[in-house]
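The following note sets out points for a colleague who is reading the model. Please keep the structure open while going through them.

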Amino acid sequence: MARITAGVATSHVPLLGVAVDQGKTGDAYFKPIFDGYEWTKSWEAAQKPDVIVLVYNDHASAFDMKIIPTFAIGCGERYKPADEGWGPRPVPDVIGHPDLAWHIAQSLILDDFDMTIINEMDVDHGLTVPLSMMFGQPAAWPVKIIPLAVNVVTYPVPSGNRCWLLGEAIRRAVQSFPDDLNVQVWGTGGMSHQLQGPRAGLINAEWDNRFLDGMIGESDALRRIPHIEYLRETGSEGIEMVMWLIMRGALGRKTRCLHRHYHVPCSNTAIGHLVLEPAE
Amino acid sequence: MNAPPAGEHSDIHEYLEEFEDIPGTRVYTAARARKGYHLNQFAMSLMKPENRRRWKENERAYLDEWPMTEEQKQAVLARDYNRLLDLGGNIYFLAKVFSTDGLSFLQAVSTMTGMSVEQYQAMMNAGGRSPEGVRSIKEKR
């Protein structure tokens with residue numbers, strides 16, 4: 001039987017991809033950021049997950065304004081890194097797991113989540129930067145990926161509670177898949193950042209750290225944070241943190257923290273990173 | 001974090017009205033998305049190398065191929081990103097324009113704040129902009 005063994009949360013700033021691709025991870029500006037991922041790199045190498053359900057948002061790469069799916073799941077065999085305007089990142093293709101992905105998609109639809117199914121798309125920095133942070137620069141990614149794209153750009157975006165419930169449904173779906181698979185769920189994006197308007201550059205380290213605290217243990221208070229609080233307290237793009245709640249919901253009632261990292265700044269953004277496991 | 005559950009929002013008008021109370025911020029609502037549809041789709045077209053080439057050759061001619069307002073076209077030509085947000089632009093779409101110009105997110109974002117790139121970078125390195133005083137216009141907090 002497939003099982004969810006861990007959850008990983010991380011910011012997915014495009015500049016981190018640039019740092020990896022251009023060999024700058026040891027530079028003074030980037031070193032404190034990447035040092036916080038060293039523990040996770042060794043841990044992932046030992047864990048050897050079979051599949052990652054990778055929750056992220058597309059940044060006007062695969063989806064433009066023509067179609068705006070709230071929750072979309074990738075059921076395809078392979079995804080290419082997107083050209084985001086300066087050529088695709090020099091990273092391996094992302095290999096899917098269509099059997100598990102279709103199983104999850106079907107289960108979620110029966111469970112009242114009206115998913116959009118994606119068979120072909122390119123994946124942008126939202127998905128490939130977290131892979132680079134956790135696996136470095138391999139010739140091929142050592143794990144199959146099921147992309148789960150969330151609309152966090154055009155409002156209304158899904159509520160934190162809806163994201164949490166989706167995570168719970170993903171957990172049930174994975175647990176009913178017959179093959180013996182080690183599955184992780186990753187929630188990406190955040191933490192505080194605002195990329196637009198005169199208020200750009202907003203960072204709220206105190207709020208971010210309370211959010212990190214809330215991901216750990218048995219409290220479910222985070223699912224009740226309204227959108228307006230993310231926007232006021234963490235900047236307009238801080239709303240991406242609702243995606244972390246899909247991962248949190250997928251870990252069950254209680255979590256244990258294996259690793260935690262927080263750093264300001266990376267470009268316009270606060271970097272947050274957690275490794276959690278289900279505690280029961 | 002003692003606010004009511006997000007799911008308790010049943011009134012879309014109240015939900016949207018709160019967004020207008022955040023200083024210096026344009027939340028990308030459906031109203032903005034409608035207003036900026038062709039502006040954002042124009043920006044999206046710059047994802048393709050062939051379109052970037054044609055854009056760089058003659059910006060005005062390229063813009064005239066799109067059913068955008070004259071105001072939107074002028075704001076694009078002026079790279080006035082705050083104005084573009086008001087006219088329905090979204091930052092992830094507008095990013096295609098400033099990336100084509102060779103600007104990073106940090107460089108482009110700083111132009112919306114009234115600071116120089118250096119001042120903005122220094123603010124970020126010092127921990128970013130504090131939320132103190134810029135959470136709510138009405139409540140002045």
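1. Which residue of chain B forms a salt bridge with A:Glu233? The partner is B:Arg141, with the closest N and O atoms 3.9 Å apart; a salt bridge here is a side-chain nitrogen of Lys or Arg within 4 Å of a carboxyl oxygen of Asp or Glu. Between chain B and chain A the count is four salt bridges.

2. This is a predicted model, in which local features need pLDDT of at least 70 and side-chain atom pairs count only at pLDDT 80 or more, while totals for chains, interfaces and linings use all residues. Residues are numbered from 1 along each chain as its sequence is written, chains are lettered from A and ligands numbered from 1 in the order in which they are written, and side-chain values use heavy atoms, with hydrogens and water left out.

3. The contact (heavy atoms within 4.5 Å) takes 51 residues from chain A and 53 residues from chain B. About 4600 Å² is buried between the two chains, and carbon and sulfur atoms give 61% of this area. Buried area is the accessible area (1.4 Å probe) that two parts lose on being put together, summed over both.

4. Chain A has eight helices and 11 strands, which are DSSP runs (helices H or I, at least four residues; strands E, at least two) numbered from the N terminus. Of its 280 residues, 66% count as buried, that is, under 20% relative accessible area, with exposed meaning over 50% and partly exposed in between (1.4 Å probe, protein chains only). Among the contacts in chain A with a separation of 6 or more, 81% come from residues 24 or more positions apart.

5. Within chain A, A:Arg253 and A:Glu218 form a salt bridge, their closest N and O atoms being 2.6 Å apart. A:Arg253 lies in the loop between α8 (242-250) and β10 (255-266), and A:Glu218 in the loop between α6 (205-215) and α7 (227-234), so the pair ties together parts that are 35 residues apart in sequence. Both count as partly exposed: A:Arg253 has a relative accessible area of 49%, and A:Glu218 has 46%.

6. In chain B, a salt bridge joins B:Glu70 and B:Arg60 (2.9 Å, N to O). B:Glu70 is in helix α6 and B:Arg60 in helix α5, 10 residues apart. B:Glu70 is partly exposed at 40% relative accessibility, as is B:Arg60 at 28%.
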